Amino acid sequence: MTPTTWPEPFPDPVARPADEPFWQSVQAHRMALQKCAGCGHVRYPAAAHCPQCLSEAATWQQIAGTAELVSWCTFHRQYLPAFPPPHTVAVGRLAEGPLFVAMLLDGAPPDGAAGRALSIDYVTDPEGRVLPAFRQHPAGRDAKEEETQ
Ligand SMILES: [Zn+2]
């Protein structure tokens, strides 16, 4: 299992004021997404208006931390010092609905792994910055089953 500390500093996130609550929640290992106060739609990335009902009212809701693997890509060339190859990035559909892109710990999944259960974990770099990442769960087992074992 890949440790939750990372040997190289992560690149700085793109600073958008709307994302500040997101990054604060990630730093606290309690990832939260915007939830529309009008219709309940959970959205990512953060936005000024709900894409479903156009309401400007929103709260921040901590997510369950589970997802389903939609797709993934393994980089065999190094683009950033923090991410030596092979480096796998996945698209997961969070339990709350939004698609989310994050590094996939524990290596590339096997062919046919789409639909596999994922969970959100947190990885800390030497400067103390935290990134959310996905962890895989073997087929037939979900994150909740593993937590109770
Ligand atoms: Zn809405």
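Select alanine 67 and leucine 118 to begin: alanine 67 stands opposite leucine 118 in strand S7. What you have open is a predicted model. Now widen the selection to residues 66-75, strand S4, and residues 117-124, strand S7; these two pair in the antiparallel sense over 3 bridges.

**Around the barrel**

Show all the strands that belong with this pair. S4 and S7 are part of a closed barrel of 5 strands, which runs S4-S5-S6-S8-S7 with mixed pairing. From one strand to the next, the twist averages 50°.

Continue to residues 130-136, strand S8, which runs antiparallel to S7 and is joined to it by 7 bridges. One of the residue pairs to pick out here is valine 123 with its bridge partner in S8, leucine 131. Then click on glycine 128, in the hairpin of S7 and S8: this hairpin has 5 residues between the strands, and glycine 128 takes a positive phi near 85°.

Zoom in on alanine 102. Leaving aside residues up to four places away in sequence, alanine 102 touches Ala90, Pro132, Ala133 and Phe134.

**A stop on S5**

Next, select valine 91, which is found in strand S5. Is valine 91 buried or partly exposed? It is partly exposed, because 18 other C-beta atoms lie within 10 Å, while a buried residue would need 20 or more. Among residues beyond four places away in sequence, valine 91 touches Val70, Ser71, Leu99 and Val101. Try the distance tool on the C-alpha atoms of valine 91 and tryptophan 72: they are separated by 6.0 Å, although the two residues are 19 apart along the chain.

**The open sheet**

Now move to the other sheet. This open sheet of 3 strands has the order S2-S1-S3, with antiparallel pairing. Strands S2 (42-43) and S3 (58-62) stand at the edges; each has a single partner strand, so one side of each is left without a neighbour in the sheet. Select residues 32-36, strand S1, to see its antiparallel pairing with S2 over 2 bridges. Within that pair, glutamine 34 stands opposite arginine 43 in S2.

Finish with a few backbone details. Most residues other than glycine have a negative phi, and most peptide bonds are trans. Here are some exceptions to visit:

- Proline 45, in the loop between S2 and S3: the peptide bond from tyrosine 44 to proline 45 is cis, with omega near 0°.
- Histidine 29, in the loop between helix H1 (20-27) and S1: its phi is positive, near 60°. Histidine 29 is partly exposed, with 14 other C-beta atoms within 10 Å.
- Aspartate 106, in the loop between S6 and S7: its phi is positive too, about 75°, although it is not a glycine. Aspartate 106 counts as partly exposed, with 14 C-beta neighbours inside 10 Å.

Conventions
Residues are numbered from 1 along each chain as its sequence is written. This is a predicted model: local features need pLDDT of at least 70, side-chain atom pairs count only at pLDDT 80 or more; totals for chains, interfaces and linings use all residues. Two strands pair if DSSP finds at least two bridges between them. Helices (H or I, at least four residues) and strands (E, at least two) are DSSP runs, numbered from the N terminus. Axes are lines fitted to C-alpha atoms, for helices over the stretch in contact, and angles run from 0 to 180 degrees between N-to-C directions. Two residues are in contact if their C-beta atoms, placed from the backbone, lie within 7 Å. A residue is buried if 20 or more other C-beta atoms lie within 10 Å of its own, exposed if 12 or fewer, and partly exposed in between; C-beta atoms are placed from the backbone.
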